[in-house]
Structure formats: structure tokens, C-alpha cells
Amino acid sequence: MLSYSGVRLGGKMNHTQPVIDTSPKVSDEIRKTTCYMCACRCGINVHMKEGKVAYIEGNRDHPVNKGVLCAKGSAGIMQVNAPSRLRSPLKRVGERGSGEFEEISWDEALEIASSRLAKVRADDPSKLAFFTGRDQSQSFTSFWAQGFGTPNYAAHGGFCSVNMAAAGIYTMGGAFWEFGQPDWDHTKMFMLFGVAEDHDSNPIKMGLGKLKKRGAKVVGVNPIRTGYNAVADEWVGITPGTDGLFITALIHELMKAGKIDLHYLAQYTNAPVLLDSDPASESYGLFLRDKDNKPLVIDLNSGKKVAFDKKGVKPDLNGSVRQAGITHTTVFHKMAETYMSPEHDAANVAEQCGVSEETIRRLAAELAHVAFEQEITLPIEWTDFRGEKHKEMTGRPVSFHAMRGISAHANGFQTCRALHILQIILGSVEVPGGFRFKPPYPKSFEIHPKPHYGYAPNQPLDGPHLGFTHGPEDLALKADGTAARIDKAFTWENPMSSHGLMHMVISNAHAGDPYKIDTLFMYMANMSWNSSMNTSGVMKMLTDKDENGDYVIPNIIYSDAYSSEMVSYADLVLPDATYLERHDCISLLDRPICEADGAADAIRWPVIEPDRDVRGFQSVLCDLGARLGLPNFTNEDGSQKFADYADYIVNHERKPGIGPLAGFRGDGSESGRGDVNPDQLDKYIENGGFFVEHINEDASYYKPWNTAYQEWAVKMGLFDAPSPYLFQLYVEPMRKFQLAAEGHGDRQPPEHLRERVRETMNPLPVWNNSTDKDYPIHALTQRPMAMYHSWGTQNAWLRQIHGVNPLYVPTKIWEQNDFKDGDWAKVSSPHGEITVPVAHQAALNENTIWTWNAIGKRKGAWALDEKAPEATKGFLLNHIIHELMPAKGDGMRWANSDPITGQAAWFDLKVAIEKVEAPAESKPNIPAQKSPVGKGPKNLTWKVGA
Ligand code: SF4
């Protein structure tokens, strides 16, 4: 409301100011829940008018976003009103892929699903492949799959960023991504590698704001200068896939200059651990251990070898000892040998990296200067795990962050490991000014589960599916040596595939390699479009029939909230509710929303009721689990155990006293551990949808070694007993796989993989070229800040920002091809070609082209008009990326994946480009599919409230 009391009377002005209502009431009621428009999971205030969503704003009290809201978050209102929302369960009536369905009741849908799945479970549970996409309920979906008994479960980590997660956990007991953060309040130099803008985006934006305000230097290492790199003080336009080479050159420079934190390395890492250094020995490269299996170090006080964690020990980085005729030297000695070698000198890597020798040396010097000349000290006393009391906390204020850009390469695991080594030698992890973990991390890989794959008819699996292998004995292999899992995770092809290989499931199931399946059951994964390599090939695999005229993949059940491209390939569609219409749990058992200073979790709850015949997928699994008689979803009398997902969230206990939500347990006053509280969800709603418990100051840094933190973590139920550990610069399990490849032990790789295992499983990261040398140009995709994964890719507001996705071309290639605005190009790879519109971008690595991912849509999908720019000019690079590499000399085709973790190597794509006549539409021009929800209206307008 605006009223003026300033009135001109007879030429005289009355200077009273206008009265402005700066906070007009915009709603009848505010409901506080959690955003689902990206993985940040910010707190949002949903303003309601007459029972409808009128407006979304950020929740100022929320630990993640403190009131900040991004364009995606506010556009959530269009997500819950999208014309593409599925309306009812669907049964396929036409050919698979045609999009022809009939609407059926939930009873019929659940009867169809449960009768088929009951037969599978009774016959051979491994015939069910259950894979979920970018949902945020993996601890729940894996619990369901475990109860069913199939070994074939994973979420989308394998095609997303398992390299980042696994490298972080194996090396430091925690990773970047949402699992840690720079110490935004103290860091003075911040380098970010390969970070797109769709993850952790509000916290990073807020953090960058803090750094800019304090004048801290931000360096962006990325082939493409957009987003965070555009606001960085320095942009390093590196050649894709060479980050590992660049990072090891920085390590070389720092080691050569002696600018490494020797105290930190000796106290908190395995640098002083003694290694068998005799190449003729059967245990060459393994740690020397005591009778309790603890790694040994030389104690500088006594000169004797002792367990690394003995009270008062001062580990010697240069120790050596001879035992049983074998010399043992330290990991640090091995590191010096490896990284001081001239091959890592800046002069020898500069050209390949596309970064000058001077820049590499200068950046190393700047890192060293900030770390060692500008160290900061906080007057906080703490006690370490060896019992030593410290009067203060000293920090090296350089910090790093990295995401999918360095991870989605076939050398991604080792590149991520190299970055962690760089952080660690600078002494800048878990110290003031450095990188900090968010609970439930840090946590050593040794206390994570190992993979489980033991199954039998009508029995639950023998343990959690995913985990961390410690050596060949943990591989998921059948007695005959073949893969136990359909995605071949945890095999010699990718021994440390901690998140599975979702991108290989359809092609393996189609090929019947390692075996055929009956039912492919997927959730929120657009596998016939932007979530698969070889998109056209996958469509064919999903529709191929055998000699009897039956589909090669016999049964496909799919759940999604929207009419995505994948829906038309399902035989049965289970329509999900949108994020404002259902319960969810952002859990410490899963992907929580913690900050470095505290543990936090949150819920979603139905702030509106669905206006369609849809159900939250997790509630459907509770029902399906009971119909199938899964032991973890039924009571003793056979009745349904969890009425719905909300009931599970409140009443499920993973261990006594530990459930999906850590807050308001017991009588409502307990946190972490405590009895089930039937009012827990109401308490969360009263509290704004979240719970947070802060860490005391004396536990806030040095967490892996800090007694106060370890005790707090036990109290919170993050682990059962204090579990301090050393950072693993040298990952011994990798050496165990190498030893097997060298001919040691009972379990050895097949001959065709022996050399690859030996070469790739290096326990100290070294770089290898992962890209095709025959094609000259690198081709990348990245997600825009304004758009997140599959389910959020079609939004009436956000498509105004990115309705088409040109192929961005750097100046050199632009001029070589004489491109002009409005031109089109043919882009070819060993696998195929696409024809697409081009645009010029100067701030780009000179040998790299790129585009935004998932803007292009298939005609008929997402309730879009067939002439929509997304369907006519938009395109995917996925068509020219194959899930298999070209045949080797022996005719074998290996997966286009990291050989250690199986991570999809999206960014290893190399192409050729040429100018072509502009076609009417981008190619390949995939035929339209029939939309099960019709087409959206031309104009989407409505008014909420009077
Ligand atoms: S950053 Fe992500 S979670 Fe936060 S408001 Fe934006 S879309 Fe929502």
C-alpha cells in the first residue's frame, strides 16, 4: 500500500515522506519446507493463498541458505503447476516407446507390479534391476532393494560423480560436493576446479560473496569461463582431462621448493607409514603392520617402530627399517620419488594442459605464500587422538573445491586423488582457512560398509549393496569369476565402483552380459534421453525384440513426476508427486544438509495436496514392499509395516535409537540418538522444516584427529566409537589390486584385464591421458545455474533463460571454420554425428567446444509443443558419446568409464567440427513420441487468491 501525505498547497510543499508498506501481506499462511529444485536443499517459505501456492521465498533461519533464494528455487511454483505432470498410473497399450498408454487405478498398477515382482523374487531376485536417479532418498530405496534381495541396486552416482566421492573418501574420509566446504570465513586463496553451477549453488554463491568482500583471491580452473569462473579473479582455461597433470605439476613445484607442511604430514597422514620397498617381495608396496594389524611408523623419540596411533608418538617421515630381510621405507619417501621426477615439471606439462609454464610456477608460489607466510592461528585449545593437548589451532588459509568437471573422465579418480594430495601436502584440510568436512564426514573408508551381493530366492540381500572394497577379496564376483551385478560394479573392470554403474545397466541387460534380467525398475532417471550415453542406441535397446517377438528387456517399470522422455519406454508408469506435495527426508543416513559447524537435517511435507491421482514414490515402495512380503516392510502378522513414507521416516530405526531424522527424538529434546518420537514431523514443521545441532568450538577443526569431535560424533550416532584415522596419501587397497594383477594371491584378474589393473591402480595418483588422440577437439556439456537435473529441466519460467542451447565455439575454431552468427555445424565423433547451431565464445579453452546439457527435448515429451525451440533447435551431445570405447586390438570394447570406479567418462568426448548448410532442425531428428499428458496450453496464466 502506498499513500502520499506530501501535498502541494498554493505552491508550498509539505515535505512529509510517503508512507510505504515495505512488507505487504502476500499470503494467508506460510508453510516452511525444503526446496528440491537442486541438491542444495535450501529452506523455503511457501506462501499460500486460499490453499494454493502463491509465492516462494528463502527461509532466513535455515542453516543452508539463510534466506537466499535462486531463480530455480522461486520457479518451483511452476514445477508444481507444470502441464507435464503425470496424472495417473499408466499401462502401456501401444508398442514400447510410442507413448500410448491407458490410465489405470493404483490398485491395478500395484497388482501388476507386485505379481510380476513376486515371481522374480521367488525365482531369482537378481532378475530385478532397481536403479534410481537423482532422488534424495537413497538410504530408503537401498533399504527396499535389500529387503527384496536383488544385488542389482544403485543410484545415479556412477554416471554423475563417483570419482569425486570415492577418491575423497578413500583419501581423506570425505569429499567435496555437498560433503565439505571451504572455510569461507578464513580462507585467503580459493581454487575451484571444474565446478558447474547446479550443485551446492547458494552456499557457494554466498561463500564467494564473503571472499570477494574480504579481498581473498579466487582462481577458477575450467576450460569454460562461465558462472563462478566468470567472477573469479583469475581464470585458468585448462584443456579438458588434464587437471591431474596440472595438479601433479603444482605438487612437484611445492615439493621441490620444500613448501609442504611436514608437521601435518607426519602427524595426520600416512606419509610416515612404513612400506615394503622390496620389488621381489610378495608384499611389495604393502604397509608394515603390528600384530593388531595397525600400520607402523618409526617414532622419532625412541627410533623404534610403533603403531601409528600410539600415545605420544612422533612419526618420522624419513624412517626406514629392515625386517626379515626386507627394507621398509616411508610413504613420504615414495611420494618424493614419484612427484619430484622431471616428468611432472611445469615445462613438461604446460603445452598439454594448455596452461603456461609460468602460470603453473606462479600459482604454486602463490599457494605456498598464502599457506606458509599468511598462516592463521585461532586461540582454541584442543586434544588430538594421541592425547597431545594443543593450545591453538593453526591453519593454512588456502582452500579448494571441485566437482564433476574433473571427475567425469576415465582418469577422474586419480585426478581427484591428486587434488586431495595437493591439499594435504599444504596442510590445508580440516584446519582454519582450509577445506572443512560436513558431518557425517569425516569418516575413514575402513568404517564404511563393504559391497554385498549374496542373494537367494525369497530372501533379503546379505547386507548393503554399495561400499568400499579393501582388496580383491571384496569384489562382487560369482564362483565362476563372472560379475554378480548387472552393472558389473566391483569387478576387475572397475574394482572400486562404490556407487555402481547405472549408465551400463540397460546396455548390459540388453546384451545379456553378464546375464539377462526380467524387470528394469527405475525412478527419476531419464535414461532414454539426457541421462544416457548413446541415447539413440539406448532407445533401440529398450524397444528391441528377440526371435520370439518378446522385448529383450522383458518388463520396465518407471516412476517419475513428469512426462519425461523415459516414460514412453515403460510398460507400467507409477506417477510420483512433486516436491511440495509429499514427505521427504534429508537425512544424515543419506545426503544431509550439514554445515562444517553443525549437523543438520530436514524434511519436506505436503504443503499442498496433489490434485491428480499420484503418490509419492517412496510411499508406493512401502505399499509394494508389504504386498511382496519383504521382511523389512511387513509386521510379524504380515500386515504393512509403514503406512507411507512419513511413517517410515518417524518409525524406522537403522540401529536402536538411530533413525532417518536426528532431531527431536525421544520426548522431543534428544538429538542424534533417542527413541522414536511420534510427534517428530510436527516438531520439524514447528521448527521451520529443519533441525540443526552445532559443534562446540574445540571440536570445530581437525575433526579426524580431534578427541572432542570424535566424542560428539559418537553422541550424534555418526559412528559407534571414536574412530580417528590418518589421511591416505597412499591407498593400500589399490596396491592389493595391483599385486593381484602381478600374479599374487588367490583372486587374480582375467588375462585381458591384468595389464590394465596393474597400470591404473597406482596407489599414488599419476596422470594418464584418457582421451582419443585421433579427434582434435574436446566437447563438453555443463548444466546452467538456472536448471538442475532431469526433473527440473522443463519449467515455464526457467525456459525463458535457456530455451535453446547453441554449441559454443572458441575464437580459434570459429575463425578456422569461418563461422558467422546463425551458422550451423556438423559435429562428429567415432560414434556418430549431430548437426547443431553454433555461437562464438571467446573465454573458452582454444581446443574445446561445449553446450548446456538437457535443454534439448524430444518432440512429444514434457508436454511441449512439437515446434518448441527445445525440440527443434535444442540438442544433446549424448548421441555422439558411446557407452563403450572403440574396439582394442584384441577386439574387446571396454566401458567408457573410469577403470577404477566405473564413473561414466562423459567429458572424454573428442570430436571434429565442420560448417554445414543450416538445416530446418537440429539432427538427429528423433521422431515424436505421443504425450500421455497431452500438450501444455499456449499461455500459462492463473491468479491465486482474490
Ligand atoms: S540453490 Fe537449489 S535448493 Fe537452493 S533455492 Fe536454489 S534451487 Fe532451491
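**Pockets**

I began with the second largest pocket: 37 residues line it, and A410, S770, T771, M885 and K888 lie nearest its centre. I worked on a predicted model, where local features need pLDDT of at least 70, side-chain atom pairs count only at pLDDT 80 or more, and totals for chains, interfaces and linings use all residues. Residues are numbered from 1 along each chain as its sequence is written, and side-chain values use heavy atoms, with hydrogens and water left out.

For pockets, a 1 Å grid is laid over the protein atoms alone; a pocket is an open set of points with protein on both sides within 12 Å along at least five of seven lines, whereas a cavity is a set where a 1.4 Å probe fits but cannot get out. Lining residues have an atom within 4 Å of a point. Grid points are joined across faces, edges and corners, and a volume is the space filled by probe spheres set on the points.

The second largest pocket holds about 940 Å³ of space. Helix α23 (residues 751-760) gives the most to its lining, with 5 residues. Helices (H or I, at least four residues) and strands (E, at least two) are DSSP runs, numbered from the N terminus. I sorted this lining into 15 nonpolar, 13 polar and 9 charged residues. Here Ala, Val, Leu, Ile, Met, Phe, Trp, Tyr, Cys and Pro count as nonpolar, Asp, Glu, Lys and Arg as charged, and the others, Gly among them, as polar.

Next I took the largest pocket, with about 1500 Å³ of space. Its lining has 47 residues, and Y441, H448, P449, L589 and D590 lie nearest the centre. The elements that give two or more residues to this lining are α4 (138-148), α5 (157-160) and α6 (162-172). Of these, α4 gives the most, with 5 residues. The lining divides into 25 nonpolar, 15 polar and 7 charged residues.

**Aromatic pairs**

How many aromatic pairs does a search of the whole structure find? I got 45. Rings of Phe, Tyr and Trp (its six-membered ring) pair if their centres lie within 6.5 Å; planes under 30 degrees apart count as stacked, over 60 as edge-to-face and the rest as tilted.

F140 and Y645 form a tilted pair, 4.9 Å centre to centre with 55 degrees between the planes. F140 lies in helix α4 and Y645 in helix α19 (residues 645-651), so this pair ties together parts 505 residues apart in sequence. Both F140 and Y645 are buried (under 20% relative accessible area; exposed is over 50%, partly exposed in between; 1.4 Å probe, protein chains only).

Y562 and W862 are stacked, because their ring centres are 6.1 Å apart and their planes at 25 degrees. Y562 is in the loop between β28 (555-560) and β29 (572-575), and W862 is in the loop between β37 (848-852) and α25 (869-872), 300 residues apart. Both are buried.

**Charges over a ring**

The charged end of R96 sits over the Y551 ring, 4.1 Å from its centre. K545 lies over the face of Y551 at 4.9 Å.

**Single residues**

H802 is in the loop between β33 (777-782) and β34 (807-809). Its relative accessible area is 16%, so H802 is buried.

Note on methods
A charge sits over a ring if NZ of Lys or CZ of Arg is within 6 Å of the ring centre and within 35 degrees of the ring normal.
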